[in-house]
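Keep in mind that the model is predicted.

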Amino acid sequence: MTNAIADVSSHVEFKPAKLKLTNRDAIMDRAKEIRDQFKMDNPVITAENLAGNKLVLRDLKKQKKLLDEARLKVKREYNKPLDEFTSDIKKAQSIIDEAINPLEIAVNDVEEKQKQERKQRIMDVATQIFEQYEVDINDLEFDKHWLNKTYQKTKRENEIIAQAVELRKQKDQLAKDAEAVNNLADGRNLDPEPFIQQLQNGIPLADVTQNIDAAAKQAEQRKEQQERLEIARKAQEQAELEAKTKKVGNKRVDKTTGEVVDEYRTFKFTAKVNIQQAQALVEFLKTNDIEYETEAVNS
């Protein structure tokens, strides 16, 4: 298709219109007379003179409106040739648009396809770079300027590499922080996963550490509370048992029925344990109010 299209020239016969206010001086003089007659620097309006001043104000606005109506009437007549000229030009433009619109759509479609092809080529390169640094391509911040044909290839690839390097640093730091959080949480007998998730959500390590400390403190408080409740429960059960029963020899019988509800016997155990296990066993005996004697023997 030839691109030699003859220019559309507009041939306009234009003569600057002459517009003159023939009684300009008389209008100016009359306007000044009205101003001088009714102008007040500091109007004093009272209930007594309000109605009269409102009539004056209405008449003044009427005079102003008459002048504006005269101006608009002249303007409409003055603009008629321009309006007709503008209308004709726009009609001619709309006719040319009938050729422009489908062609423009077709051109834009091809350019968009080329743009997407360029983007895919760039993404292929970026994917290779990100795989080398073992980071997620979904974290790439795609710069729309990379799609420009004039954008330097080397510059674009260097910017992609810079992103990959930074993401790798963040990934390594996250792994290091996650290990620290895992060790800290394990040491406090806490599940580390929720705190590692906090790191992955962008919460700083210092804040996550504080959260672990707070969670450990809360867990300890809950444990102490449970222990106090257990002691109170056992004390209540013991009090209720002693209220209903009495000890006779090595037996405990119901005060009302005489039925044996418990019988105490002495058992002798020999166990081979280490110091920590022995301490845990003694703690168990104390917790359950069991009378005991200890004797250390050589193995």
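**Exercise 1.** Which residues form a nonpolar patch on the surface, and what is their accessible area together?

*Solution.* Start with the members: Val12, Phe14, Leu82, Phe85 and Ile89 make up the patch. Now take Ile89, which sits in helix α2 (residues 50-132). With a relative accessible area of 31%, Ile89 is partly exposed, and joining a patch takes over 30%.

**Exercise 2.** Work out what lines the second largest pocket.

*Solution.* First, the space: about 300 Å³. Next, the lining, which includes Val12, Phe14, Leu82 and Phe85, along with Lys15, Glu77 and Tyr78. Sorted by class, the lining comes to 7 nonpolar, 1 polar and 3 charged residues.

**Exercise 3.** Find what the salt bridge between Arg188 and Asp213 ties together.

*Solution.* Check the distance: the closest N and O atoms of Arg188 and Asp213 are 2.9 Å apart. Then place the partners: Arg188 is in the loop between α3 (153-187) and α4 (193-200), while Asp213 belongs to helix α5 (residues 205-244), so the pair links parts 25 residues apart in sequence.

**Exercise 4.** How many residues apart are Arg233 and Glu230 in helix α5?

*Solution.* Their side chains meet in a salt bridge (2.3 Å, N to O). Both partners lie in helix α5, 3 residues apart, or about one turn of the helix. Arg233 is partly exposed at 37% relative accessibility, and Glu230 is partly exposed at 30%.

Definitions and conventions
Residues numbered from 1 in each chain as written. Predicted model: local features only at pLDDT ≥ 70, side-chain atom pairs only at ≥ 80, totals over all residues. Heavy atoms only, no water. 1 Å grid on protein atoms, 1.4 Å probe; cavity = no way out; pocket = protein on both sides within 12 Å on 5 of 7 lines; lining within 4 Å. Points joined across faces, edges and corners; volume = space filled by probe spheres on them. Nonpolar A, V, L, I, M, F, W, Y, C, P; charged D, E, K, R; others polar. Patch = residues over 30% accessible without salt bridge, like charges linked within 9 Å, V, L, I, M, F, W, Y side chains within 5 Å. Areas by Shrake-Rupley, 256 points an atom, 1.4 Å probe, with all protein chains shown as cover. Salt bridge = Lys/Arg side-chain N within 4 Å of Asp/Glu carboxyl O. Helix = DSSP H or I, 4+ residues; strand = E, 2+ residues; numbered from the N terminus. Buried < 20%, exposed > 50% of the residue type's maximum accessible area, 1.4 Å probe, protein only.
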